[in-house]
Amino acid sequence: MYDDREELSLDELLPPAQVTRAMILLTNLCGAEIVLLRHPEAQATPVEFSLEPVAWLKSDLPIPQRRAAAALLELLLFHAAKYRLAANLHLTATEANYQELQQQHAALQASEARYRLLSESLQERVDSQVRTIRESQQKLYESARLRAVGQLAAGMAHEINTPIGFISSNLRTAQEYLGEITESAEAESNLGELIEDFHSLLEESLDGANRISGLIRDIRLFANIDQTDHRHFDLNALIETTLRLLQPDLATPDTVTLRLDRLPRIPGYPAKIGQAIHNALTNALRSLGDEGKVVVTTRPVDDMIELTVQDNGHGMSQEVRERAFEPFYTTREVGMGSGLGLPVILDVVTAHHGRLNLTSEVGQGTCLTLWLPIAGQAS
Amino acid sequence: MPNKIVLKIVYYGPAMSGKTTNLLQLHALLDPQRMGELMVMETRDDRTLFFDMLPIGFQQEQTLDIRLKLYTVPGQVEHDSTRKAVLSRADGVIFVADSQLNQQENNAVSFENLADNLHKVGLDIERIPLVVQFNKRDLSRIVEEKTLRERWSSSAWWPLVLSSALKGHGVIETFERLLERLYPAVNEAHGLSRHYGIDRSVFLERLTRCREDHHVR
């Protein structure tokens, strides 16, 4: 480091070889020997640089000549010093610049590392947020879809109900008329057969109309058009209704066997419980192969009602069982299963302060057991 | 050997404000006991490249040897690292501002730069002896004295020195003002009056003594 308080020495100003050369030249110029001393001596003339004597000249020359020789040497040193001082300053400034650059570089590297870390954790957080948003979007979509289906069913039930009412009524009246016509036309045997046939036609139509009316009753109950609130309800009736809705999915009428004990009415949301039973039955029915059977049982156990849905279908592997309650996890083909069947059952049971158990073996079948409190309080 | 005290005084300020001219005038006007050659390092167009340096001083019998090294810095913005190196370990600063109206922005930038660089070399602009000189008062389109008073009278550097370095006006006065502000610190550090009997007036007189034939103040 360059320190401008320390005066430059003779050697720093001018290399020794140059000093020797200058002394030879001075000696030749003056025609008498001139000796350069590095320490003061009596009768010697000082050579100064920047107010500081840096050398002394000793000679037999007259004083003016000796002074002139010293002044010439001083001039030489002055110009050498200009370069030396500028070079020193330049070096100092360059070193300082370099150090500053290095510090800036280190600071930049540190900040870059900090930002890289931040960006990595940001990516992670963004990914997890995206996952959460996607999941809740899917849930919203599913529940909106279910609601729409329910509304559609309710609307349809209403639209069909009125015409079915007067169709049934008209058919009955027609049947009465036909009775009267039969009495007055007994003589005509040919006509008798025709009227007989007409009778059975009306019988069949009435039966069909009655079946449609029953179906509408079930849809209304399932879609819960009349009552959406929390109330006491008959679980067995709900199971029967739900099963009737699934009738078209059954391979044979006796695919599903109901073994229902007498039960007290339990508090809850029948529409939600209905949805859970619907999901459980659907799952069971879809797992069945040829000659598959499903058994549904209910019975009171202590202060709970136990509901089991047991099938002898294809069952689940351990891996599938572990993920069965994960929303949107499905083993069915795309579009065939929402992956929400079991999660919805779990949600409903939890909302009713109940419990749930799932056992399954590949090739053996699956048993889903729900326990619902008899005197529970639903949230 | 006498005790040696070396003091460093730096002329700072924007480019072309007259720092080197101040030094040239001091060299021409002053007649202290000792004065070395004025070293000027400039480019061909008279811009200072590294620095200018003038050593002056006096000796008190065989007890004390006081040296003042007067430096200028290059004013151009791009020579900042050189300015910082020259400013390092300064004992006092003379800020030479340009009075011309169109140079006020440059003055402000340079003064900020001075504060900044002092801080970087471990000095404090609030504490270092500092005199502000407004130069080029002989020109016509210059900042009025009234305006300067408004801007500077509440600062620690008031009063300013108005100068025309080219004509030799105000140069010695600026230097003298700096020595006045410098003396207490030097006296405290080296006991000038206690050990050597050099009080402020002696200090000033011996360093600002002028040639008989050039007495311009």
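Author: Two residues are in contact if their C-beta atoms, placed from the backbone, lie within 7 Å. The model here is predicted, so local features need pLDDT of at least 70 and side-chain atom pairs count only at pLDDT 80 or more, while totals for chains, interfaces and linings use all residues. Residues are numbered from 1 along each chain as its sequence is written, with chains lettered from A and ligands numbered from 1 in the order in which they are written.

Reader: Thanks! How many residues of chain A are in contact with chain B?

Author: Eleven residues of chain A are in contact with 15 residues of chain B. On its side, chain A brings six nonpolar, three polar and two charged residues (Ala, Val, Leu, Ile, Met, Phe, Trp, Tyr, Cys and Pro count as nonpolar, Asp, Glu, Lys and Arg as charged, and the others, Gly among them, as polar).

Reader: What makes up the secondary structure of chain A?

Author: Chain A comes to eight helices and ten strands, and chain B has seven helices and eight strands. These are DSSP runs numbered from the N terminus (H or I of at least four residues for helices, E of at least two for strands).

Reader: Why are H5(A) and H6(A) called oblique to each other?

Author: The axes of H5 (residues 235-245) and H6 (residues 270-286) of chain A come within 10 Å and cross at roughly 50°. Angles from 65 to 115 degrees are roughly perpendicular, those under 35 roughly parallel, those over 145 roughly antiparallel, and the rest oblique. H5(A) and H6(A) are therefore oblique. Their crossing is right-handed.

Reader: Which residues of H5(A) and H6(A) meet?

Author: From H5(A) come A:Leu238, A:Ile239, A:Thr242 and A:Leu243, and from H6(A) come A:Pro270, A:Ile273, A:Gly274, A:Ile277, A:His278 and A:Leu281. By class, that contact has seven nonpolar, three polar and no charged residues.

Reader: How do H6(A) and H8(A) pack, and at what angle?

Author: H6(A) and H8 (residues 341-351) of chain A pack at about 145°, with axes 9 Å apart. This crossing is left-handed (the near helix is turned anticlockwise from the far one by less than a right angle; clockwise would be right-handed). Among the residues making the contact are A:Lys272 and A:Ala276 of H6(A) and A:Val344 and A:Val348 of H8(A). Eight nonpolar, five polar and one charged residues take part in the contact of H6(A) with H8(A).

Reader: Why does A:Asp302 count as exposed?

Author: The cut-offs look at other C-beta atoms within 10 Å: 20 or more make a residue buried, 12 or fewer exposed, and anything in between partly exposed. A:Asp302 has 9 such neighbours, so this residue counts as exposed. Its place is the loop between strand E7 (294-301) and strand E8 (304-311) of chain A. Phi of A:Asp302 is near 55°, a positive value in a residue other than glycine.

Reader: What share of the residues of chain B count as buried?

Author: Of the 217 residues of chain B, 44% count as buried, and for the 379 residues of chain A the value is 20%.

Reader: Which residues have the most contacts inside the largest nonpolar core?

Author: B:Val10, B:Leu70, B:Tyr71 and B:Phe95 do, in a core of 71 residues. Apart from it lies another core, of 26 residues, including A:Ala276 and A:Ile277. Such a core is a set of buried Ala, Val, Leu, Ile, Met, Phe, Trp, Tyr and Cys residues joined through C-beta atoms within 7 Å.

Reader: Finally, which peptide bond is cis?

Author: The bond from B:Trp158 to B:Pro159 is, with omega near 0°. B:Pro159 lies in the loop between helix H4 (145-152) and strand E8 (161-162) of chain B.

Note on methods:
Axes are lines fitted to C-alpha atoms, for helices over the stretch in contact, and angles run from 0 to 180 degrees between N-to-C directions.
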